[in-house]
Amino acid sequence: MTRRIPIIPTVIVAAAIATMIALGFWQLDRKGQKEALIAHAERSLSMSSEVEYPRDERALDGVLYRRTRVTCASLIDATTVAGSSARGESGVAHRVTCDLPDGRPVKIDLGFSRDPAPVPWSGGEVSGMIAPGGRIVATDEVPGLELLALPDPRDLPNNHLAYAGQWFFFALTALVIYILALRRRTQSEGREAKGE
């Protein structure tokens, strides 16, 4: 007598495995995209010409690690975040949020210090490098602050291959566990049929 495979659990497990495999291939695709972004960013580092700060967030990837110049028309907020100096020291980065003359907000990392107390700064023209997330890292010293370490595309995480491997491993694990569960169920039903 042929043992029946439970349909609903099998469909659920098959859908889960298919989803995990799809996520693995998606991570492999993301790996290629990230490699292209890093290669583009490394080429951008060698360009000395300035670009206009993009008006559209979708255009940011195309100008990452390029030099730009903006005018902070009005200061919205000032804070500090962890940061490193151009000399490699650890401390804080003094970050401001400004409105540009056209009203667009932009985050600017003004400089480095070990003291988190705010430095007096009321806005004006800032030259810097466009970093991931659209913030600008100033390349001109602000009084009372040292230069920050410039963003480096080699710091961009590219662990998509590891994530893809994890998803494929999860899919294989789910398949093996389900096969073992079916085998145990079949053996249990066989013993019951024999009256053991």
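# Reading the strands and the overall form

E2 and strand E6 (residues 124-130) are antiparallel partners, joined by six bridges.

Reader: What kind of model is this, and how are its residues numbered?

Author: The model is predicted, so that local features need pLDDT of at least 70 and side-chain atom pairs count only at pLDDT 80 or more, while totals for chains, interfaces and linings use all residues. Residues are numbered from 1 along each chain as its sequence is written, and side-chain values use heavy atoms, with hydrogens and water left out.

Reader: How many helices and strands are there in the protein chain?

Author: Helices (H or I, at least four residues) and strands (E, at least two) are DSSP runs, numbered from the N terminus. The protein chain has three helices and seven strands, and along the sequence they follow the pattern α-β-α-β-β-β-β-β-β-α.

Reader: In what order do the strands form the sheet?

Author: Two strands pair if DSSP finds at least two bridges between them. Here the seven strands form an open sheet with mixed pairing, in the order E1-E2-E6-E7-E5-E4-E3. Strand E1 (50-51) and strand E3 (74-84) are the edge strands, each pairing on one side only.

Reader: Which residues stand opposite one another in these pairs?

Author: E1 and E2 run parallel and are joined by two bridges, with Val 51 standing opposite Thr 68 in E2.

Reader: Which residues of strand E2 lie on the covered face, and which on the uncovered one?

Author: In a regular strand the side chains alternate between the two faces of the sheet. In strand E2 (residues 67-72), Thr 68, Val 70 and Cys 72 make up the covered face, whereas Arg 67, Arg 69 and Thr 71 make up the uncovered one. Across the protein chain, 32% of the 196 residues count as buried, a term that means under 20% relative accessible area with a 1.4 Å probe, protein chains only.

Reader: What radius of gyration does the protein chain have?

Author: The radius of gyration is taken over C-alpha atoms, and the globule rule is 2.2 Å times the number of residues to the power 0.38. A compact globule of 196 residues would have a value near 16 Å, whereas the protein chain has 27 Å. Along the principal axes, its C-alpha atoms fill a box of roughly 90 × 35 × 35 Å.

Notes: Buried means under 20% relative accessible area, exposed over 50%, partly exposed in between (1.4 Å probe, protein chains only).
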